[in-house]
Amino acid sequence: MSKITGFGTYAPEKIVDNHYFEKLIDTNDEWIVTRTGIKTRRVAAEGELTSDMSVKAVENLVSKSGNDVKDVEFIVVCTTSPDQTMPNTASRIQDKLGIESAGCIDIYAACAGFVYGLQIAHGFINSGVYKKVLVVGAEALSRITDFTDRTSCILFGDGAGAAIVEPSEEEHFLAFNSGTESELGHDLYLTRQNKIINGKEAITNGKIVQNGRTVFKWAVGSIPNKIRELVAQANLTLDDIDFIVPHSANLRILEGISKDLNFPMEKIPESVTDHGNTSSASIPLAIEKEVAKGTIKPGMTVLMIGFGGGLTFAGTIVKWS
Ligand code: ACO
């Protein structure tokens, strides 16, 4: 049995408001707020990498929980914007945190990443393979954003969230689900670029390309039923759920989920208004806001569901600890 024993987040200092984009592309603050709910997003400083933001989120976790990370046995980093493909970002974090030896993997599941990471951690802990797993959802999406594409560049932001999962006397993970509609994969993807780095040819990330309307319809049309499935799997009803935390892609998607489930928006934390869409960091950033306010407290039942490029989704219900 397992539970989350530490939780932290990080958002870069630089705040970019919607007016910034009025100078770059044909858009305006009112369109962005009305269509997405986004007012600001945070952008990583020059040279600030996904691994740097991850380390800051882990440091925040350590300062709040007092949980030491030096004995972490396995690190899962969920990202679409790794420092580079090889070595993976998890190994960069291990090095920067001075963790002596840990298994290190990156997983690429876009905005569903963080919940997939929790599922992997739960599996490792409950099978007895490892005793302490660090899960990080971190993104430097500003580096893979096409700032000439007005339909996508206004959406994205940078940030990181981290959780430690360890054995527990009581099971805190009450349900899991996941799935993928790969026939819609071409509606949200990352291009790649060949670059010369240090005189050698290297493949680096390109830019995000998306058919926003298709992704929007898929999310609003299918995620409410995936939430119902999770709740039924845990032998609960929606009345038993204190908070539903979907991926913060667009405030209108969250409103659509709220309406379909007849579940109040006040119980659907979001990070998209202040941070934009931060992909695998969006769920931790939304939870952090409520934890800081004292609305999410230990013992509460929190449902998280990430969804994005794949098109893939992953959900879990957690007894908050
Ligand atoms: N400013 C002004 N007008 C714009 C802008 C802009 N930034 N972008 C698009 N428009 C225009 C369009 O050209 C269109 O004009 P037209 O009617 O003359 O053709 C009009 O606004 C409406 O466009 P739609 O695409 O229908 O707008 P929609 O209401 O669907 O909002 C949005 C677009 C915000 C992208 C929405 O579809 C969305 O949020 N989709 C989900 C995106 C998402 O969550 N992606 C996940 C990716 S994250 C990851 O996995 C890494």
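Okay, let's start at helix α2, which covers residues 29–36 and holds Arg35. Keep in mind that this is a predicted model. Arg35 comes out as partly exposed, because its relative accessibility is 41%.

Cys111, by the way, counts as buried, at 11% relative accessibility.

Where are the cis peptide bonds I want to show you? One joins Met86 and Pro87, with omega at about 0°. Pro87 sits in the loop that runs between β4 (74–78) and α4 (89–97). Another joins Gly310 and Leu311, and there omega is about -15°. Leu311 is in a loop too, between β12 (301–308) and β13 (312–319).

Then there's positive phi in residues other than glycine. Ala110 has phi near 45°, and you'll find Ala110 in the loop between β5 (103–107) and α5 (113–126). Asn235 has phi near 55°, in the loop between α6 (212–233) and β11 (243–246).

So are those two buried or exposed? Ala110 is buried, because its relative accessible area is 14% and the limit for buried is under 20%. Asn235 is exposed, at 68%, since exposed means over 50%.

Note on methods:
Residues numbered from 1 in each chain as written. Predicted model: local features only at pLDDT ≥ 70, side-chain atom pairs only at ≥ 80, totals over all residues. Heavy atoms only, no water. Helix = DSSP H or I, 4+ residues; strand = E, 2+ residues; numbered from the N terminus. Buried < 20%, exposed > 50% of the residue type's maximum accessible area, 1.4 Å probe, protein only.
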